[in-house]
Amino acid sequence: MFDAIRSFFKPRPKTPLAAVPDGERFYLIGDIHGRLDLFETMVAAIEDDDASRGNAKTQVVLLGDLVDRGPDSAGVVALTRHWQCQRTVRVLAGNHEQMMLDAFKKPEILRHFLKHGGRETVMSYGMTKKQFNAMTLEELFAALPQLISQSERDYIASFEEYIVAGDYMFVHAGIDPALPIEEQKRADLLWIRDRFLSHEGPLDKVVVHGHTIFNKVMDCGNRIGIDTGAFRSGVLSALVLEGDQRRIIQTIQNGDDPVEIFHGERGQ
């Protein structure tokens, strides 16, 4: 009887922390949305951070929504392509990349794209505000393929839907909690919100995602949201995963001040 009582009061074994594979280091960057200034500083911060750490198989993952809303989507895409020539940088498809590609299909879809940040994207590829304002929707639709090349569109269309690394899954928007990873639908991976965000139970993996803006990196146990609204807040966040450890790097721009780098969240 006493043995049974002692067994009852024994401390329960702790649940192992989620981890990425041994020897690997991941830098996950949230939604950039055309903020080339924050992205340039983040690239430099990650390069410095990685060089200061021990040897590892390092991968950078951009969680989608490189384009729209901010002032230099074309610059963000160009820097991403350049960075990929120097190290392993993988890019996930976001809903704004999908809207951008769909805008080439017909004028009404282009209209929707322009209303959700596409105007800034179009002008970042070399069209002036005066030229943009002088065009009808149909004229802009006809001009778009010459403005944004087929090779650029093919590159954006090649972005991955999700990545699994150890106990983690990286995706733009989230997943349908009712389906296993291999049965997820592209629309949910790029667009889902409420069914995913309101799910409090465990998921197949700890899901690191963007798409939904939070004031800070949001660790909910079963998921981690790292979109801190760079295009309007001036805060771009990256989550660093190594073993079972997590760290945060942020690049922050206040008003006309220079962009600053924070290891950990600002205010901590």
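These legends go with several close-up views of a predicted model.

Local features here need pLDDT of at least 70 and side-chain atom pairs count only at pLDDT 80 or more, while totals for chains, interfaces and linings use all residues. Residues are numbered from 1 along each chain as its sequence is written, and side-chain values use heavy atoms, with hydrogens and water left out.

**View 1. The whole protein chain, for orientation.** The protein chain has eleven helices and eleven strands; both are DSSP runs numbered from the N terminus, helices being H or I with at least four residues and strands E with at least two. Its C-alpha atoms fill a box of roughly 85 × 40 × 30 Å along the principal axes. Of the 268 residues, 50% are buried, meaning under 20% relative accessible area with a 1.4 Å probe, protein chains only. Take the contacts (heavy atoms within 4.5 Å) with a separation of 6 or more: 62% of them join residues 24 or more positions apart.

**View 2. The largest nonpolar core, around Ile29.** This core holds 58 residues, and Ile29, Phe39 and Leu62 have the most contacts inside it. A nonpolar core, by the way, is a set of buried Ala, Val, Leu, Ile, Met, Phe, Trp, Tyr and Cys residues joined through side-chain atoms within 4.5 Å. Leaving out residues up to four places away in sequence, Ile29 touches, among others, Phe39, Met42, Ile46, Leu62, Trp83 and Ile226. Another core, of 19 residues, lies apart from this one and includes Val217, Leu239, Leu241 and Ile248.

**View 3. Phe26 and its neighbours.** Phe26 sits in strand β1 (residues 24-29). Its relative accessibility is 2%, so Phe26 counts as buried. Leu241 is 215 residues away along the chain, yet the C-alpha atoms of Phe26 and Leu241 are separated by 5.1 Å. Beyond residues up to four places away in sequence, Phe26 touches Val20, Pro21, Gln59, Val61, Ala165, Phe170, Leu239, Val240 and Leu241.

**View 4. Where helix α3 meets helix α8.** Helix α3 (residues 73-84) packs on helix α8 (residues 150-157) at about 70°, with the axes 12 Å apart. Axes are lines fitted to C-alpha atoms, for helices over the stretch in contact, and angles run from 0 to 180 degrees between N-to-C directions. The two helices are therefore roughly perpendicular, a label that covers 65 to 115 degrees. On the α3 side, Val77, Thr80, Arg81 and Gln84 meet Ser151, Glu152 and Tyr155 of α8.

Note on methods: Parallel < 35°, antiparallel > 145°, perpendicular 65-115°, else oblique.
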